[in-house]
Amino acid sequence: MTHGGDTIFGKIIRREIPAQIVYETENVLAFRDISPVAPTHILLIPKKPISALSEASAADKELLGELMLEAAEIARREGLDKDGYRVVTNIGANAGQTVFHLHLHIIGGRPFQWPPG
Ligand code: 5GP
């Protein structure tokens, strides 16, 4: 796994490339996925460049809690909570992680299968 490097999400945080930003705080940023897999597909990231959940540490405890609570809040605001939705984070090759900056996928607006493919 790539560690600590700058990624496309770093460029979005710094507004070096455009994104459809839906929510921002001092610590987190949410924007629409460029290639949505569902009617609603939002990426929620910490501004801190943690490469994946597996690379977070105890020092990130509060930040990770904030991410989870903000994911639920964004889903509520997008009207996803009535029918349900999914929050996913991919870690490494087997999960298909392609951007090595921790992100939660918030996806909804259609039913999903379980187990995932
Ligand atoms: P991963 O596969 O790493 O879990 O997810 C990376 C996600 O980032 C993918 O769903 C992909 O469509 C999205 N993505 C990649 N590059 C960009 C970009 O430049 N802008 C936006 N908004 N999403 C991106």
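How many aromatic pairs does a search of the whole structure find? The exercises below work through this and related points. The structure is a predicted model, in which local features need pLDDT of at least 70, side-chain atom pairs count only at pLDDT 80 or more, and totals for chains, interfaces and linings use all residues. Residues are numbered from 1 along each chain as its sequence is written, and side-chain values use heavy atoms, with hydrogens and water left out.

**Exercise 1.** Determine the aromatic pairing and describe its geometry.

Solution. Step two: the partners are Phe9 and Phe31, at 5.3 Å centre to centre with 75° between the planes. This arrangement is edge-to-face, the class for planes over 60 degrees apart. Step three: Phe9 belongs to helix H1 and Phe31 to strand S2 (residues 28-32), so the pair ties together parts that are 22 residues apart in sequence. Helices here are DSSP runs of H or I with at least four residues, and strands are runs of E with at least two, numbered from the N terminus. Step four: Phe9 and Phe31 are both buried, meaning under 20% relative accessible area (1.4 Å probe, protein chains only).

**Exercise 2.** Describe the surroundings of the ligand.

Solution. Step one: the ligand is surrounded by 17 residues, the closest being Asp33, Asn90, Thr98, His103 and His105; a residue counts if one of its heavy atoms lies within 4 Å. Step two: H1 gives the largest share of this shell, three residues, and both H1 and S2 supply at least two residues each. Step three: list the N and O distances. An oxygen atom of the ligand is 2.7 Å from a backbone N or O atom of Thr98. For the side chain of Asn90, an N or O atom lies 2.9 Å from an oxygen atom of the ligand. A polar backbone atom of Ile34 is 3.3 Å from a nitrogen atom of the ligand. Step four: the ligand taken alone exposes 520 Å², of which the protein buries 83%.

Methods. Phe/Tyr/Trp six-rings, centres within 6.5 Å; stacked < 30°, edge-to-face > 60°. Buried < 20%, exposed > 50% of the residue type's maximum accessible area, 1.4 Å probe, protein only. Polar contact = N/O pair within 3.5 Å; in protein donor to acceptor, adjacent residues only side chain to side chain. Areas by Shrake-Rupley, 256 points an atom, 1.4 Å probe, with all protein chains shown as cover.
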